[in-house]
Amino acid sequence: MKPAMETAAEENTEQSQERKVNSRAEMEIGRYHWMYPGSKNHQYHPVPTLGDRASPLSSPGCFECCIKCLGGVPYASLVATILCFSGVALFCGCGHVALAGTVAILEQHFSTNTSDHALLSEVIQLMQYVIYGIASFFFLYGIILLAEGFYTTSAVKELHGEFKTTACGRCISGMFVFLTYVLGVAWLGVFGFSAVPVFMFYNIWSTCEVIKSPQTNGTAAVEQICVDIRQYGIIPWNAFPGKICGSALENICNTNEFYMSYHLFIVACAGAGATVVALIHFLMILSSNWAYLKDASKMQAYQDIKAKEEQELQDIQSRSKEQLNSYT
């Protein structure tokens, strides 16, 4: 009778301890879900082993695999990357050609003396080199942000199974948020600066339209309508001639260089605006991904604590079994 009684007591002890483990784990899970309501939607699926894989007859086909892969594409980051590449390409390409056309117009019509616009030529040449650097930097930066979007979207986490985040990964995501914010503010300045040549060329074009109008065409007042490029500060006041009037100004507006430079500056300004929109889009995406990583790190810490507590309870159970067995 005594061994039977001890065996029954041992079984009751094990059942009570198992109930305590389950109830404690459920209470911890409920407490975490109450503290972090957004964590209920996160599911961590372990990668299946070879023994858990389905048979070849039940394996997904090509269509299912394609749908699964397409579900892991960060479309928001992809759209922002395409918009960023397009805006930077328009700004850099059109701006480079438009600056070269502007120098040609100044040398041929507004400043015939080379020493008068030597400083302006050096500044424009420096700006063209800066454009090369901007194009290279944003090509690399856009690829990095797209890769960061691939590895931080929830779709990719579910596709590759259990996700582990680190403090270094969260720090890198926070650094991208700060850097994108700084670049967005800088590109707001670039966008405003790119509107200046558009304003200048628009004033010249509108003056030419006044000259071509029927009210002034064929009258002596045409020669009194002038454009003084020196008032914009791009060439000094002693530059010759610096001011073009009447039919000479109309001939400048009819040249291919003026037409191309004017429209290219407009496209470059639009490209700068598109880049600003793309950076704002990137900033929203990166902020969302950083918040997701922060939430995932809390969930990971909870899972580690839970696993540690369960392991300690299992060790206690094993030691209690050894002690009960030693009494029998």
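What pLDDT does the chain average, and what share of the residues score at least 70?

Guide: The model is predicted. Its chain averages a pLDDT of 76, and 69% of the residues score at least 70. Confidence is highest in helix 3, at 90, and lowest in helix 5 (residues 154–160), at a mean of 47. Over residues 4–9 the pLDDT is below 50, and this stretch has 1 contact in the model beyond near neighbours in sequence. Residues 31–58 also stay under 50, although the model gives them 22 contacts beyond four places in sequence. Where pLDDT is low, the predicted coordinates should not be read in detail.

Next, the overall layout. The chain has 8 helices and 2 strands, and their order along the sequence is α-α-α-α-α-α-β-β-α-α. Of the 328 residues in the chain, 33% are buried. The chain exposes about 20,000 Å², and 65% of that comes from carbon and sulfur atoms. Taking contacts between residues at least 6 apart in sequence, 83% join residues at least 24 apart.

Now the aromatic pairs. A pair of aromatic rings is described by the distance of the centres and the angle of the planes. The structure holds 13 aromatic pairs. One of them joins Tyr129 and Tyr132, with 6.0 Å centre to centre and 75 degrees between the planes, an edge-to-face arrangement. Both residues belong to helix 4, and because they are 3 residues apart there, about one helical turn separates them. Tyr132 counts as partly exposed, since its relative accessibility is 45%.

The rings of Tyr202 and Trp205 make a tilted pair, because their planes stand at 35 degrees, with the centres 5.9 Å apart. These two residues lie in helix 6 (residues 167–212), also 3 residues apart, about one turn of the helix. Tyr202 has a relative accessible area of 42% and is therefore partly exposed. Trp205, at 35%, is partly exposed as well. Beyond these examples, ring pairs link Phe91, Phe137, Phe138, Tyr141, Phe176 and Trp187 into a cluster.

Ser111 sits in the loop between helix 3 (75–110) and helix 4 (118–150). With a relative accessible area of 0%, Ser111 is buried. A polar atom of the Ser111 side chain lies 3.4 Å from the backbone oxygen of Asn113. Once neighbours within four places in sequence are set aside, the residues in contact with Ser111 are Leu106, Asp116, His117, Ala239, Phe240 and Pro241.

Note on methods. Residues numbered from 1 in each chain as written. Predicted model: local features only at pLDDT ≥ 70, side-chain atom pairs only at ≥ 80, totals over all residues. Heavy atoms only, no water. Helix = DSSP H or I, 4+ residues; strand = E, 2+ residues; numbered from the N terminus. Buried < 20%, exposed > 50% of the residue type's maximum accessible area, 1.4 Å probe, protein only. Polar contact = N/O pair within 3.5 Å; in protein donor to acceptor, adjacent residues only side chain to side chain. Contact = heavy atoms within 4.5 Å. Phe/Tyr/Trp six-rings, centres within 6.5 Å; stacked < 30°, edge-to-face > 60°. pLDDT = per-residue confidence, 0-100. Areas by Shrake-Rupley, 256 points an atom, 1.4 Å probe, with all protein chains shown as cover.
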